[in-house]
Amino acid sequence: MSSSLLEKETLSVVAPTCLVVDDSRVVRKVARRILEAHGYQVVEAENGLDALNHCRRELPRCVLLDWNMPVMNGLTFLKALRAEYGPTGPTVVFCTTENEIAQMAEAIECGAQEYIMKPFDEAILTGKFAQIGLL
Amino acid sequence: MDELLIDFLTETAESLAALDDALLQLERVPDDPEMLAVVFRMVHTIKGTCGFLSLPRLERVAHVAEDLLGDVRDGKLPANAALITVVLGALDRIKLIVSGIVATGLEPDGDDTDLLAELRDMRTRGPAPEPEPAITLDFDTLEMLPPGTIESLAAQIAEAVPMAEATPEAAHGQPAQTIRLDVNVLENLMILVSELVLTRNQLMQIARTETDSRFTAPLQRLSHLTSDLQEGVVKTRMSPILGAWNKLPRIVRDLASELGKQIDLVMLGKETELDRQVLELIRDPLIHMVRNSADHGLESPAVRLASGKPAHGTITLSSFHEGGQIVIEVADDGAGLSTERIRARALAQGLASSAELATMTERQVQRFIFAPGFSTASAVTSVSGRGVGMDVVKTNIERLGGTVDLRSVAGRGTTFTVKIPLTLAIISALIVEAGGQRFALPQICVAELVRAEGSGSLEEGALVVERVDGTPVLRLRDQLLPLVNLRDLLQMDAQAAMNSADPTALTVVVATLGGTTLGLVVDQVFDTEEIVVKPVSPMLRHIKVFSGNTILGDGAVIMILDPNGLSRAVGHAGLTATVKDRPVDTQAAATERTGDRSAMLLVRLAPDASPVAMPLGLVARIESIAREDIEFTSDQPVTQYRGQLMPLMALDSSLAMADHVPVLVFADRGRSVGLMVEEIVDVVEDQLFIELVSSRPGLLGTAVIAGRVTEIIDAGHWLKQGWEDWFSDNPGPRNAKQLHLLVVEDSAFFRQLLIPTLSAAGYHVTAVDSAMKALALRDAAVPAEFDAIISDVEMPGMDGLQFARLLKEGGPWMDIPLIALSGRFNPIDIRRGGAAGFCEYLGKFDREALLAALRRHLDQHERQAA
């Protein structure tokens, strides 16, 4: 790991950033409200490509990732992220619905740390984040 | 509404519009995996988001639709027409629920069991297999075919096929770089730019008088920059016309299956841009026109084949810019308008006499379809032919300052052409002067400017004013142009009218007003200016000849003339009785009144008192009277007003009486009473929900006006008292017998408003709250006797129309004059009212018109009786 990445990680301890990737503005806003209330700085992206560009500018501490999005879906983004930054990159929590349970395994395989079911509320989201040491 | 919910609604509305389109594309190319993924994702997103906002009903519908689409995406089910229809049904339900949420903020109640069962059923059993597309012809049709049809059909098909291939597919263009902006931000920008344009104009005006100024060059630059900025900001308000068209493919598809027709919709010039505000307003008229073309314009496949046309009818929508306007055409390749049917219909509806019809051109006859309530559809379908349609389209387009026209060729089809200004905010206008005042005439209706000589001129080649049937006309390039003096039209002053009787040299603006061309005589013509349209204040809004006002370069505030209002005024004045376009004119009263919105005058009766309201319609004038002009005769304050002593009243004794006292003048038949108030606060125009208070005389009730609870005072009550005090004689009509009126009105508010008004005018009034109660009075052992009956039209139970019909059937009240009061004021309602037996149809709140109508009919009735 390069020293510059370390520096960034140290900084992000002070103000951890979460990248919320979802094509729905409503979902992004819900997540933003919850995470900001718990001391996160939130950046938003509306699709995988947008998210990837964000990461290339500044790597977030974690990513809350939707699955089914236009332009670039969550899986492609996740694969690209891991390919570029290796397994120690940002922690990825991906969002799914009961219809997409089959994709859970695939996501974990591709390097997601956790999954969360939509719709989520404050308790569910913070609970999940606490579980994997993000809060 | 919660911010999240608003976001959701915006987002969902966008997806839904795109979904309709995507599904229809999918139907054409059923296996397009890209389209399938798009459709699936959009439904999926709607469902996923619902959960965050707890919208269980919406979520359930979206969920089941998503399941079905998931199977299609996975190749388990084919995306054929039957399946698409079911999914479209689900989308319609989603739209319904969403519009419910938009209206109330809550999910509307409703039962989706049927729909859900249908969706699940489709999923388990799969859609019925698609029937093989085939053209079936029965022998009768074949026999009807003229010889050579088959050959020509074959040739047409050969011709059509390569063309179809050559049609460029709508490319899924890269989404342009966009940002989301609050509309209000743009609106504010527009207002600021408007102000900037005005200031620029003022500066330029000043600079024009200075010949050698060092400001000239920078001012020139400022002027150019302002123009560029204006153009740029106007552009931000522009959207592609597609926004008004995107619902049409779906509508046409539904119509085609409902009507059993085959219809192709071709859209050309989708990217043509126009002002968003105009776009919103043009959407419904366009839908109406396309429905009309599908229903009336296009023939059924069998008839089409029989006349040698392809079974598929085509509706072509096209749009382009032309001279500051956007032109939208709706063309069908149907049978064309049947002028014979239109003639017969116009005759039957009394729109024209057979003599008039005989002299009309085909085109004039065709324009009858824009007449209110006109319909030639021999069969009334659920789609159109219900007697509303093209007249509404025409009214709406004219309201935008646009025009609509049509071209029809028998056997080849009909084309409607709509022209509307690109934007409503800044227009180009010709500044003219009449009667010492300047007016702005929108450039769009100015055809040319000519100078005409009076009848005395002998000059060779000069344009001379002639007279036809007493109407001055101008012979311009072999066309007779009726002349109307703008001064007369605006009733500006008598002297001016005298001058125009024998004009010596006239400046004539050849103007196209609402479908007729005429010469508008003005005193002087100035420049053409880009003017910023400001809305007319509510107090002047009923004057239909003005569409707004503007500020000129020299700072003067002038009125903008409304071409359509002028055209109606011309019609009313009867100035061009021989030339006027009748079908246009029958609409005269159509848009005169706004309906159930009412204008309220807010006044303060005493210093520091809360404002109270009264209907503006009751107030004849508002004056400011100097304190020294107020005299006292036996404690009663009076003032000299228009050559008479007018009693003045105050409702609150603590009135401060400053140097000038605002006075509301209430007038009736030459008598006036003034109500002194502390301050005129405002005029508000709103839909009012009035809570009644009956306990306090003189108070009608309370309503929330401009955000605060306001008392509505019963001016009539107080004035009646004032009148009785002052005019000690009974202020009744001139005959000794007091006339007795029956008022049938379900709204207590209007009853309380009408009774004092009518009593103050000297009538004896009985009021009931339903038609049934009125009939009970008639059918009593000794029937009540009335001289006139005033009835509301919209009432629960028996409405005014039924009531009128019953009265006219016979019985003791059969011959009593019957006056309708209605909040709805369109030609169809008026005609219905007339047919039901009303002799007058008046808008609510129009006190003057009601009293005038009563006088007219009671006098007439009396004469007949005598």
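Author: Here is how the labels are applied. This is a predicted model, where local features need pLDDT of at least 70, side-chain atom pairs count only at pLDDT 80 or more, and totals for chains, interfaces and linings use all residues. Residues are numbered from 1 along each chain as its sequence is written, while chains are lettered from A and ligands numbered from 1 in the order in which they are written.

Reader: What makes B:Ile830 in α26 of chain B buried?

Author: A residue is buried if 20 or more other C-beta atoms, placed from the backbone, lie within 10 Å of its own. B:Ile830 passes that test, so it is listed as buried in α26(B), along with B:Pro827, B:Gly833 and B:Ala836. Across chain B, buried residues make up 35% of the 866 residues.

Reader: Why is α26(B) called a helix?

Author: Helices are DSSP runs of H or I with at least four residues, numbered from the N terminus; strands are runs of E with at least two. α26(B) covers residues 827-836, so it qualifies. Chain B has 27 helices and 35 strands.

Reader: What do the buried residues of α26(B) pack against?

Author: They pack against α25 (800-809), β34 (818-822) and β35 (840-843) of chain B. A contact means two C-beta atoms, placed from the backbone, within 7 Å.

Reader: How many residues does each chain give to the contact between A and B?

Author: Chain B gives 12 residues and chain A gives 13. On the chain B side, α2(B) gives the most, with seven residues.

Note on methods:
Buried ≥ 20, exposed ≤ 12 C-beta atoms within 10 Å, placed from the backbone.
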